[in-house]
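Reader: I would like to go through the charged pairs in a model. Please give the general idea each time, then the case at hand.

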Amino acid sequence: MGSFSSDIQVRFRDIDAMGHVNNAVYATYVEQARTEYFAEVLEEGLDAVPSVLASLELSYERPVLLEESVTVEITVPEMGRSSLPMKYEVLADGERAATAKSVQVFLDPETETPFPIPERFRERIAEFEGLEDAAGGQAH
Ligand SMILES: CC(C)(COP(=O)(O)OP(=O)(O)OC[C@H]1O[C@@H](n2cnc3c(N)ncnc32)[C@H](O)[C@@H]1OP(=O)(O)O)[C@@H](O)C(=O)NCCC(=O)NCCSC(=O)c1cc(O)c2ccccc2c1O
C-alpha cells in the first residue's frame, strides 16, 4: 500500500477562541495534502487534472494546538469509474486527531461532466497504492 504524507504548518490564524485549530480549517489541511498527492502521484499540475470535489466528511477525535506538528496521511482504497475516493488521517505530534474521507470526480474538460479517470492516472495511482485496479482498461 502506498504511503503519502504531507506536513502542515499550523498558523496562528487557524486557532479559534478555544485555543485549538478550528473545525473548518481541517478541510484546508486535507485539501493541501490532496493537491500535493495529485502533484506527486499523478505527476501533473492541477490544471491537467480536470476534476471536482464531490464530497468531504470529517471526524474530529482530539483538538490540535498551535505548537503541534501536523501531518496528513492519504490512502486511496479503490477507484470508481470517474470517482476517486480518498481517506485521510490528520496526525498531531504523531497522534491521530481527525480522519476524513473525500470523493473527487473526474470531468470531461469540454463538457465539465463526469468522465472516466484517465488511464495514465489510474495506472499511477494503482502502482503507488498497490491496488489491483478492477476498473482499469475501461477508462479513456
Ligand atoms: C460531482 C458532480 C460532477 C457529480 O455530477 P453528477 O451528479 O452528474 O454525477 P453522476 O451521478 O453521473 O456520478 C458520476 C460519479 O460521481 C460520483 N458522485 C456523484 N456525486 C457524488 C457525491 N456527492 N459523493 C460522492 N460521489 C459522487 C458517482 O458515484 C459516480 O462515480 P463513478 O465512479 O461510478 O463514475 C456534480 O455533482 C458537481 O459538479 N458537483 C459540484 C462540485 C463542486 O462544486 N465542488 C466544489 C468545488 S471543486 C473543489 O473544491 C476542488 C478541490 C480540490 O481539492 C481539487 C483538487 C484537485 C483538482 C480540483 C480540485 C477542486 O476542483
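Reader: Which residue forms a salt bridge with Arg62?

Author: Side chains of opposite charge can pair when their charged atoms come close. A salt bridge is counted when a side-chain nitrogen of Lys or Arg is within 4 Å of a carboxyl oxygen of Asp or Glu. Here Arg62 pairs with Glu95, with 2.9 Å between the closest N and O atoms. Because Arg62 sits in the loop between β2 and β3 (70-75) and Glu95 in strand β5, the pair ties together parts 33 residues apart in sequence. Strands are DSSP runs of E, at least two residues, and helices runs of H or I, at least four, numbered from the N terminus.

This is a predicted model, in which local features need pLDDT of at least 70 and side-chain atom pairs 80 or more, while totals for chains, interfaces and linings use all residues. Residues are numbered from 1 along each chain as its sequence is written, and side-chain values use heavy atoms, without hydrogens and water.

Reader: Is Arg34 buried or exposed?

Author: Buried means under 20% relative accessible area, exposed over 50%, and partly exposed in between (1.4 Å probe, protein chains only). Arg34 is buried, at 4%, whereas Glu31 is partly exposed, at 41%. Their side chains form a salt bridge (3.7 Å, N to O), and both residues lie in helix α1, three residues apart.

Reader: How many salt bridges does a search of the whole structure find?

Author: The search finds eight. One of them joins Glu44 and Arg124, at 3.4 Å between the closest N and O atoms. Glu44 is in the loop between α1 and β2 and Arg124 in helix α2 (residues 119-129), 80 residues apart. Glu44, Arg120 and Arg124 are linked in a network of salt bridges.
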